[in-house]
Amino acid sequence: MQIRPILSTLRHHKLTAILLTLQVAFTCAIVCNVVFMVVNRVHRIGVPTGIAENELSVIRSTGIEKNENAQAQHAADLAALRAIPGVKSVVAVSYSLPLNQDESTSGICPSKQALDRAIQLNSIDGSGCLEPSVYDGTPGLIDTLDLHLVAGRDFRPGEYVTQGKPPVTIITRALAQHMYPGQSALGQSMYDGDRFIRVVGIVDTLLRPNLRQPGVDYDSMILPQLPDDSVVTYVLRSAPQDRQRVLAAAAATLVKVNPNRIINPKRMQAYSQIRAAYFQRDTTMIGLLVASTLGLLFVTALGIAGLANFWVQQRTRSIGIRRAIGATCGDILRYFQAENFLIVGAGVVLGVLLAVALNLLLMTHYELPRLPLWYLPVGALVLWALGQLAVLSPALRASRVPPVVATRSV
Amino acid sequence: MFDYYLRLALCRCRQNVPMMLLLVLTMAIGIASCMTAMTIFRALSGAPLPGVSPYLHVATMDAREAVDKDNPDYKRPDSLLKLADAKALVDAHRAVQQVAVAQSLTRLGNPDGDTSSQAYGLMAYGPALQTFGVPLRYGRPWTEAEQSSNAPVVVIDTHVAQKLFGTDDAVGRSVTLGQRSFRVIGVIAPWAPRMQIFNLGQNAGGVTGQDENFFVPAQASLDAGVGPFTSGECGKDAPVVSFQSATVAQCRWMETWVRLGTRAQVDAYDRFLAGYANAQHDAGRFAYPPQATLYGTQAWMTLNHVVPDDVHLNLILAGGFLLLCLVNVAGLLAARFLRRQGDVAIRRALGASKRDVFMQHLVETGLLGLAGGVLALPLTWLGLWIVHMQPVSYADAARFSPDTFVVLFALSVAVGLLVGILPAWRVCRQPPALQIKIA
């Protein structure tokens with residue numbers, strides 16, 4: 001296969017060849033970046049929460065009675081909810097659950113010295129102090145959410161408090177490692193500014209109510225603090241297929257126990273809905289990005305096929321002559337394929353540079369990570385394959401041009 | 001001449017229908033994707049309160065007191081103030097107009113107690129209606145005397161008035177708000193900022209503004225047991241407060257908005273604000289250097305990422321998509337025109353100037369662009385409908401408006417001409433004699 005004749009032919013079609021090259025370059029640059037964005041978002045929405053997501057249902061109740069005894073009400077509600085058939089366990093929490101966006105955080109330090117350091121620095125960065133999300137709830141939280149204790153123990157009944165602040169906590173493994181790098185966090189006393197909190201247990205994974213940055217998304221702690229407000233969230237665990245029925249029964253039960261409350265139907269959800277709501281924007285964006293990627297590739301393929309078609313029509317006579325002087329069908333086919341390979345190749349080289357430039361541009365304006373370099377050869381291969389596929393039909397048609405065309409005038 | 005070129009173009013389009021369809025469709029897809037992204041972007045840019053918000057500013061400062069001292073970081077400006085500070089700023093009357101507000105959500109009932117309506121509204125200290133330019137339908141806003149005497153008065157919107165009383169003009173009636181009865185002194189037309197501007201620090205992804213169904217003096221509302229929607233930032237030893245609690249004395253929950261006309265007024269108010277905040281710090285109330293700053297509405301929204309980055313990214317992506325479609329069509333057009341070099345050569349030989357040939361080809365591509373625009377219309381509508389169906393916060397912004405139509409028309413003609421320039425220039429460049437020989 002000779003490259004020279006192809007190049008000299010292309011010299012006669014400079015404008016069209018350049019436009020096709022540019023098109024391939026733009027496609028390569030955009031598709032590489034868009035696919036990268038899609039992969040990032042897919043990773044993001046797949047983040048594990050650490051809880052038994054498809055067995056949990058959540059219902060929020062807002063008491064509107066004046067001077068009601070919140071504790072007594074919660075206890076009565078919990079007892080009634082527990083009696084619903086299909087409910088394996090139920091707990092009350094104030095409001096926070098992973099990914100439900102109702103967050104409470106607390107600045108906390110591994111030691112008193114660390115806090116002094118933070119005050120000196122006028123920043124918690126670099127002091128060793130952290131800002132974990134704080135979860136609370138009635139006894140049985142660990143089991144109901146299906147958290148895995150990897151060290152230590154669950155809270156003892158005597159450790160739960162209603163007013164004031166509890167002296168013990170269970171923290172996530174991530175928080176333990178960030179708080180006490182290289183040592184065991186179990187039994188350590190953390191300092192929050194006015195008192196010490198002892199770590200009695202460590203759970204494997206518990207995601208925050210709001211994602212921040214990948215490094216700190218699992219910095220959570222659980223306090224044995226009972227919800228003490230007329231607004232309370234009940235978390236029910238049941239078999240996945242029972243969730244809808246359990247939710248409906250729970251709403252009816254709560255109203256029966258005490259009708260002086262508001263249950264917003266929007267706040268009656270299977271946990272999977274909470275998760276879906278949190279990532280709604282990402283899911284939509286993924287759909288949009290995938291659709292536009294396919295659209296881009298389709299348009300590019302159409303462009304390549306359309307141009308190749310034109311060229312085959314235009315060169316019918318030259319093809320006939322080549323056939324007449326001895327070129328085989330295969331020669332003609334390979335000629336068009338090689339031509340496409342060269343044009344797409346030039347486009348891809350330019351496209352790779354553009355892709356990196358576009359990524360750098362997006363990185364400065366949006367919170368996007370750097371494009372991993374292996375995307376570039378993969379993108380190039382995909383475009384080469386697309387080009388060959390698009391050119392196949394016109395090239396086959398060209399290869400079927402009979403030698404006798406050479407003797408006709410066009 | 002123009003209609004001759006038009007007829008020529010039509011005639012040529014008929015000669016190769018599949019190719020023409022391909023060209024038109026490619027342009028239509030590019031235009032439609034760009035229009036969809038642009039419509040959403042336009043709906044989410046511009047002033048949240050047209051004619052008013054360009055002059056509105058929000059006061060921010062690190063107003064944390066000793067009891068809040070658990071985290072010395074002040075990473076982003078905080079607009080929440082205690083009621084006392086908000087009152088002090090409003091009562092100073094240093095701006096053209098000023099008001100402190102907090103979002104509230106409660107139930108409004110009629111006196112019989114048989115009808116009630118869940119309503120969002122603003123608790124305010126100061127002339128809220130005047131500062132935000134809320135249009136009054138009936139009645140009047142509350143006076144300073146009513147505010148200082150904590151009179152139970154309220155302004156509702158026609159939506160609530162209809163629901164509770166079956167009439168728009170509810171002035172003089174009573175509504176139950178919390179544990180007290182409030183007298184309706186004014187009725188406003190339904191009002192919402194185009195985008196979220198209130199309490200952005202605790203905004204969880206809302207983009208389009210909230211309908212505010214009622215306005216009530218803050219102290220009167222607290223007296224009736226109705227507090228803000230979120231308790232804001234409360235001190236460490238504050239009693240546990242939550243959603244709608246009226247026990248907010250230890251919390252920072254109000255935002256102070258001021259209306260300022262000129263640059264000089266803004267600068268003067270900035271100095272006043274810094275002076276106030278520093279005085280509080282020096283007196284030992286604010287625990288940290290307050291870094292008081294005044295933010296314009298737009299800057300404040302940008303800082304708090306009200307319009308999600310996705311919307312900008314979509315616009316960039318759609319622009320890239322359109323660019324690609326243009327390059328694609330330009331390539332196809334070039335090939336298409338160059339195949340007809342023979343015809344061009346004959347026209348040139350018969351005396352047509354380069355300019356004539358250039359114009360002829362531009363008319364043809366302009367026509368194709370217009371056809372692309374016509375096809376893009378239903379595609380844009382489809383794209384907006386798809387976005388509208390998505391349960392994302394900015395779905396409401398995806399609506400087809402008449403000015404979209406004008407933009408689309410202009411865009412499609414521009415696209416048609418732009419795409420034709422290179423190929424048309426190329427085809428009229430060759431000397432006529434050579435082309436006749438080729439032909």
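**Legends to close-up views of the predicted model**

**View 1. Packing of helices α2 and α13 in chain B.** In this predicted model, helix α2 (residues 17–43) of chain B packs against helix α13 (residues 402–427) of chain B at an angle of about 140 degrees, and their axes are 10 Å apart. Helices are DSSP runs (H or I, at least four residues), numbered from the N terminus. Axes are lines fitted to C-alpha atoms over the stretch in contact, and angles run from 0 to 180 degrees between N-to-C directions. α2(B) and α13(B) are therefore oblique to each other (under 35 degrees counts as roughly parallel, over 145 as roughly antiparallel, 65 to 115 as roughly perpendicular and the rest as oblique).

**View 2. Residues joining α2(B) and α13(B).** From α2(B), the contact is made by B:M27, B:I31, B:M35 and B:T39, and from α13(B) by B:T404, B:L408, B:L411, B:S412 and B:V415. Two residues are in contact if their C-beta atoms, placed from the backbone, lie within 7 Å.

**View 3. The contact between chains A and B.** Chain A contributes 40 residues and chain B 38 residues. On the side of chain A that touches chain B, α2 (14–45), α4 (112–121) and α9 (280–314) each supply at least two residues. The most come from α9(A), with 16 residues.

Residues are numbered from 1 along each chain as its sequence is written, and chains are lettered from A in the order in which they are written. As the model is predicted, local features need pLDDT of at least 70 and side-chain atom pairs count only at pLDDT 80 or more, whereas totals for chains, interfaces and linings use all residues.
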